[in-house]
Amino acid sequence: MRGSSPAALPQGTTHQEEGPSVRSQNRTSSQRTRIITASAAAVVGALALSGCSSEVQRGWLPGDRNTTSNTPIITDLWVNSWIAVVIVGVITWGLMLWCIVAYRRRKGTTGFPRQISYNLPIEIFYTAIPLFLIFTFFYFTDRDQRAIDNPNTNPDVTVSVVGKQWSWDFNYKKGGLVKDDVHEAGVQAQLTGQAIDLNTLPTLYLPVNKSVTVELTSRDVVHSFWVPAFMQKRDMFPDKINYMYFTPQKEGTYDGKCAELCGEYHSEMLFRVKVVPEAEFQAHLAGLDKGLLDTKYDRNPNQNQK
Ligand SMILES: [Cu+2]
């Protein structure tokens, strides 16, 4: 039968072309068992190792699993995707190794092995499986992205974060827990090779366990708001507002930086986020300058040309 595997041929077939491959089938059954056993042991070993440390369980992501309301979703998507691709990888590498070993050229073999092109079952297999994988990854990515970017229409705190060459302005907008419009105008860090005083960095204060909407925009070029521990990064464009919605769940001080090469001092565009109890948040707001920093400080090169 066209396309049938040599294994389907009766034992002791003496057809000249198929002889060597039939013999190789018989000879390698014990090797095959050994390879399958070794692959299974590798998978079990990897899974057992992954149970050892919380760092491995989080897929080496920064921060903690529960730093914000979004980080558990992001962690699960990341870790489960890796588990899926490692399983696919182990099966694929296992099959490749098995083919290399089981069907290697042996002493006394002459000519080519029987060629089987246009094997429809195999072609359907290697088209359907990758499509299935892609759609599965797409489904979970899309589901989690919708959950993360689901707008919060009634947040406890709304902060407009404005990127500028090369620092940050934080506008705390009146509403929810914020009694009045206040702002902090950040100043660029000065990196000289010496350790910098982190207290001079612009610092975004957020109350713990309160929902936050961050509005992201820029005064000049494209910047990107990135707090690695929050596992989210979003671009900031002039004349456009992007949003982040989350609830910080763990008190602490987190490093942030611009993640879009935005000019000569991009590396000095640093900031911090302090997640604090609500009373400390209110005390910080009370010490800030009144009002919001509006667009009059914008320096959009394209707009200036109009
Ligand atoms: Cu920047």
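Two strands are taken to pair if DSSP finds at least two bridges between them. On that basis, Val-161 stands opposite Leu-216 in strand E5 of this predicted model. The two residues belong to a strand pairing that is described below, after the overall composition.

The chain has 306 residues, of which 21% count as buried. Its secondary structure comes to seven helices and eleven strands. Among contacts with a separation of 6 or more, 67% are between residues 24 or more positions apart.

Helix H4 covers residues 71–102. Its 32 residues should span 46 Å at 1.5 Å a residue, and the end C-alpha atoms are 46 Å apart, so the two values agree. The buried residues of H4 are Thr-71, Ile-74 and Thr-75. Helix H5, residues 120–148, has 29 residues. From first C-alpha to last, H5 reaches 42 Å, close to the 42 Å expected. H5 is hardly covered: the count of buried residues among its 29 is zero.

The unreviewed UniProt entry lists residues 35–57, 77–103 and 124–141 under "transmembrane region". In the model, residues 77–103 are 96% helix and 0% strand. The end C-alpha atoms of that span are 38 Å apart. Residues 124–141 are 100% helix and 0% strand, with end C-alpha atoms 26 Å apart.

Strand E5 (residues 212–218) has a contrasting setting. Six of its seven residues are buried, so E5 is largely enclosed by the rest of the structure. Strands of a sheet pair through backbone hydrogen bonds, either parallel or antiparallel. Both senses occur at E5. Strand E1 (residues 157–164) runs parallel to E5, and seven bridges join them. Strand E8 (residues 242–246) pairs with E5 in the antiparallel sense, over five bridges. Leu-216 takes part in both pairings: Val-161 stands opposite Leu-216, and in E8 the bridge partner of Leu-216 is Asn-242.

Val-161 also has a place in the largest nonpolar core. This core has 37 residues. Those with the most contacts inside it are Val-159, Val-161, Leu-204 and Leu-206. At least two core residues come from each of E1, E2 (167–173), E4 (203–207), E5, E6 (223–227), E8, E9 (252–258) and E10 (270–276). E1 gives the most, with four residues. In soluble globular proteins, nonpolar side chains tend to be buried together. Beyond its neighbours within four places in sequence, Val-161 is in contact with Trp-168, Phe-170, Leu-204, Val-214, Glu-215, Leu-216 and Phe-225.

An open sheet is formed by five strands in the order E4-E10-E9-E6-E7, with mixed pairing. E4 and E7 (232–236) are the edge strands, and each pairs on one side only. Neighbouring strands of this sheet are turned by 20° against each other on average, direction ignored. E6 and E7 pair in the antiparallel sense over five bridges. Within this pair, His-223 has Met-236 of E7 as its bridge partner. Helix H6 (residues 278–286) packs on the sheet and touches E4 and E10. The direction of H6 makes about 140° with that of E4.

Methods: Residues are numbered from 1 along each chain as its sequence is written. This is a predicted model: local features need pLDDT of at least 70, side-chain atom pairs count only at pLDDT 80 or more; totals for chains, interfaces and linings use all residues. The expected span of a helix is 1.5 Å times one less than its number of residues. A residue is buried if 20 or more other C-beta atoms lie within 10 Å of its own, exposed if 12 or fewer, and partly exposed in between; C-beta atoms are placed from the backbone. A nonpolar core is a set of buried Ala, Val, Leu, Ile, Met, Phe, Trp, Tyr and Cys residues joined through C-beta atoms within 7 Å. Two residues are in contact if their C-beta atoms, placed from the backbone, lie within 7 Å. Axes are lines fitted to C-alpha atoms, for helices over the stretch in contact, and angles run from 0 to 180 degrees between N-to-C directions. UniProt positions are given in the numbering used here, feature names are shortened, and annotations may be inferred rather than shown by experiment.
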